[in-house]
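Please read this briefing with the sequence and the model open beside you.

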Amino acid sequence: MTPITEVEGRRVSLSNLDKVLYPATGTTKGEVLHYYAATAGGVILPHLRDRPVSFLRYPDGPDGQVFFTKNPPPGTPAWVGTTPVPRSEDPGARQVVVRDLASLMWAANLVVEFHTPQWRDDAPEVADRMVFDLDPGAPATVVECCTVALWLRERLAADGLTAYGKTSGSKGMHLLVPLEPTPSGEVSAYAKRLAVEAESDLPGLALHRMKRSLRPGKVFVDFSQNAASKTTATPYTLRAASEPTVSAPVTWEEIAECREADALVFRAGDMAARLDRHGDLLAPLNDPEQARPLPV
């Protein structure tokens with residue numbers, strides 16, 4: 001029998017709570033739902049709210065079937081918000097918008113990674129943040145990503161922009177920058193210029209091209225997720241990895257002091273203490289007063 005719980009006045013069906021989703025740690029689906037309800041709900045919602053959500057689903061854990069979906073899943077309750085999204089191949093396309101805890105718990109029950117674009121649903125294709133996805137090619141690790149992140153932080157600061165870091169929850173790191181609303185194409189062009197500069201200033205370490213043969217030992221500075229059609233793992237989402245790792249905000253002190261590949265690995269069980277200590281390190285991304293214009 002599927003248990004029904006009430007969340008903020010909504011009836012939410014929760015299923016298979018004892019199912020082990022992360023065999024490496026024995027983490028169950030019930031523990032995943034508890035993470036979103038009790039630990040991350042208050043901080044992930046501001047980063048989800050007003051943004052169309054794409055889901056990477058892994059209902060049987062990361063070793064089972066994993067699939068990416070943008071369309072609202074079959075059976076989406078009528079009370080879960082959706083918004084029209086620009087898609088040339090489907091003019092009537094809509095995506096889920098997670099605006100409240102009940103919608104978050106409904107989505108979490110599907111066992112998902114949350115992915116969001118850099119724009120809000122009231123201004124499609126107009127970004128209010130910029131992202132750099134730093135992706136290390138083995139044997140490079142997050143340690144090398146931190147070196148590139150520190151370079152990008154200084155370069156962005158020279159243009160009056162402030163960067164905030166988070167782990168990808170996988171191998172790399174994301175840098176996020178609050179912006180005054182700017183067309184996504186302009187943000188992508190600026191981000192590409194900085195990626196090219198990084199490759200020039202950090203030869204042998206940074207790379208702005210995705211070509212696999214160039215990747216070993218280097219950090220790919222992926223600027224492409226600024227394109228209007230692209231998404232990035234939402235802050236605080238769990239990832240479909242061997243363990244319940246989180247795309248977790250980190251301090252610049254932690255980035256500067258990173259010397260080991262596992263130094264910036266955070267799991268669901270680590271987050272309550274981090275949030276007690278730091279609060280939401282990415283809160284400035286949702287504060288319009290922190291937004292700055294993209295350099296001309």
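This is a predicted model: local features need pLDDT of at least 70, side-chain atom pairs count only at pLDDT 80 or more; totals for chains, interfaces and linings use all residues.

Residues are numbered from 1 along each chain as its sequence is written, and side-chain values use heavy atoms, with hydrogens and water left out. An unreviewed UniProt entry places the feature "domain: DNA ligase D polymerase" at residues 28-281; UniProt positions are given in the numbering used here, feature names are shortened, and such annotations may be inferred rather than shown by experiment. Over residues 28-281 the chain is 30% helix and 23% strand, with the end C-alpha atoms 28 Å apart. Helices (H or I, at least four residues) and strands (E, at least two) are DSSP runs, numbered from the N terminus.

**The sheet and its helix**

- Six strands form an open sheet with mixed pairing, in the order β13-β14-β10-β12-β11-β16, where two strands pair if DSSP finds at least two bridges between them.
- The edges of this sheet are β13 (206-207) and β16 (249-250), and each has a single partner strand, so one side of each is left without a neighbour in the sheet.
- Strand β13 runs parallel to β14 (residues 219-222) and is joined to β14 by two bridges, with Leu207 standing opposite Phe220 in β14.
- Helix α3 (residues 142-158) lies across β10 (126-136), β12 (173-183), β13 and β14, and runs at about 145 degrees to β10; axes are lines fitted to C-alpha atoms, for helices over the stretch in contact (heavy atoms within 4.5 Å), and angles run from 0 to 180 degrees between N-to-C directions.

**Pro124 in its loop**

- Pro124 is placed in the loop between β9 (112-116) and β10, and at 35% relative accessibility Pro124 counts as partly exposed (buried means under 20% relative accessible area, exposed over 50%, and partly exposed in between, with a 1.4 Å probe and protein chains only).
- Apart from neighbours within four places in sequence, Pro124 is in contact with Pro86 and Trp119.

**Salt bridges**

- The structure holds 13 salt bridges, each being a side-chain nitrogen of Lys or Arg within 4 Å of a carboxyl oxygen of Asp or Glu.
- One of them joins the side chains of Asp50 and Arg99 (4.0 Å, N to O); Asp50 lies in the loop between α1 (29-48) and β5 (52-57) and Arg99 in the loop between β8 (94-97) and α2 (101-109), so the pair ties together parts that are 49 residues apart in sequence.
- Arg99 also meets Asp121 in a salt bridge (3.0 Å, N to O), and this pair links distant parts of the chain, 22 residues apart, with Asp121 in the loop between β9 and β10.
- Arg99 is partly exposed at 34% relative accessibility, whereas Asp121 counts as buried at 17%.
- Asp50, Arg51, Arg99, Arg120, Asp121 and Asp128 are linked in a network of salt bridges.
- Arg215 forms a salt bridge with Asp135, with the closest N and O atoms 2.8 Å apart; Arg215 lies in the loop between β13 and β14 and Asp135 in strand β10, so the pair ties together parts that are 80 residues apart in sequence.
- Arg215 is buried, with a relative accessible area of 6%, while Asp135 is partly exposed at 24% relative accessibility.
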